[in-house]
Amino acid sequence: MLLLNRKIRSVNLSNNKLNGAAITEIASNLSKARKLETLNLSYNPLTALDAMKLIRHLKLRAVKLKKLLLDNIIVNSDFIEAREKILSLSFRKKAIITHGYVSDRFIPKKLDVRELLLKRADAIGRSAKKKKNRIDVGLLLLELYKINPEPVLAKDFVQIMIRRGVHIDEDFASEMAEAFPGPTKGKIDLAAVEEYMKRLWPDKELPPTPPPEPEPEPEPLPKPKKDKKRKK
């Protein structure tokens, strides 16, 4: 293999349809290529995982590579993070690591269950066929918190929401109690719901409370009638 030739300082394997097992083999032999300074694997059908296999080996002092060229290779945010850490190492500060487009489509993002629950509730609230019957669950939850900020039992939460036109079930309420746990088991912390909603939907605000109507002024008492003196 070329990498094992101790006299070779540069290897250009670009445009060679390399990926998978071939990249694993190359990566595992980098520490043995004592004279290799430049490795060009640009324009090969490497996956983001293949790119990570290569760059991880640059953490090792035994790997003497100074240039890893991966032009037109799609990488992900893990690769970018690893690249930054490697280039900050004292023995890699002059290294050159190129890459192509950065995409996170290879990384399954972990979803926040709180976001999923609130968006599911909002979808339920907006599912009515008639527009006038649709409920903005975000505003409804803000209103409930304003009325009573104390933690609420999951079963009571179900009844409150159904009365307001949002037909959730007990399973949903139990999930809410787990995602926004109150001081005791089975309770939903409405303060935590309100705080998270401000981050999820920062534009949602209750309309300002109108000022109380002034009390009507008392009607003036009728003036007493003056007695007219009768003429004799």
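Reader: How many bridges join strand 1 to strand 2?
Author: Three bridges link them, and the two strands run parallel. Keep in mind that this is a predicted model.

Reader: Which residue is the bridge partner of serine 10 in strand 2?
Author: Serine 10 has threonine 38 as its bridge partner there.

Reader: And in what order do the four strands form the open sheet?
Author: The order is 1-2-3-4, with parallel pairing.

Reader: Which strands stand at the edges?
Author: Strand 1 (10-12) and strand 4 (96-97) do. Each has a single partner strand, so one side of each lacks a neighbour in the sheet.

Reader: Switching to helices: which residues are buried in helix 1?
Author: In helix 1, which spans residues 21-28, Ile23, Ile26 and Ala27 are buried. Seen down the helix axis, the buried residues fall within an arc of 95°, so they line one face of helix 1.

Reader: Nice! What covers the buried residues of helix 1?
Author: The cover includes strand 2 (38-40) and helix 2 (48-56).

Reader: Zooming out, how many helices and strands does the protein have?
Author: There are eight helices and six strands. Along the sequence they follow the pattern β-α-β-α-β-α-β-α-α-β-α-α-β-α.

Reader: What share of the residues count as buried?
Author: Of the protein's 232 residues, 33% do. The protein exposes about 16500 Å², and carbon and sulfur atoms supply 53% of that area.

Methods
Residues are numbered from 1 along each chain as its sequence is written. This is a predicted model: local features need pLDDT of at least 70, side-chain atom pairs count only at pLDDT 80 or more; totals for chains, interfaces and linings use all residues. Side-chain values use heavy atoms; hydrogens and water are left out. Buried means under 20% relative accessible area, exposed over 50%, partly exposed in between (1.4 Å probe, protein chains only). The arc is that of the directions from the helix axis to the C-beta atoms. Contact means heavy atoms within 4.5 Å. Two strands pair if DSSP finds at least two bridges between them. Accessible areas come from the Shrake-Rupley method with a 1.4 Å probe; for residues, only the protein chains shown count as cover.
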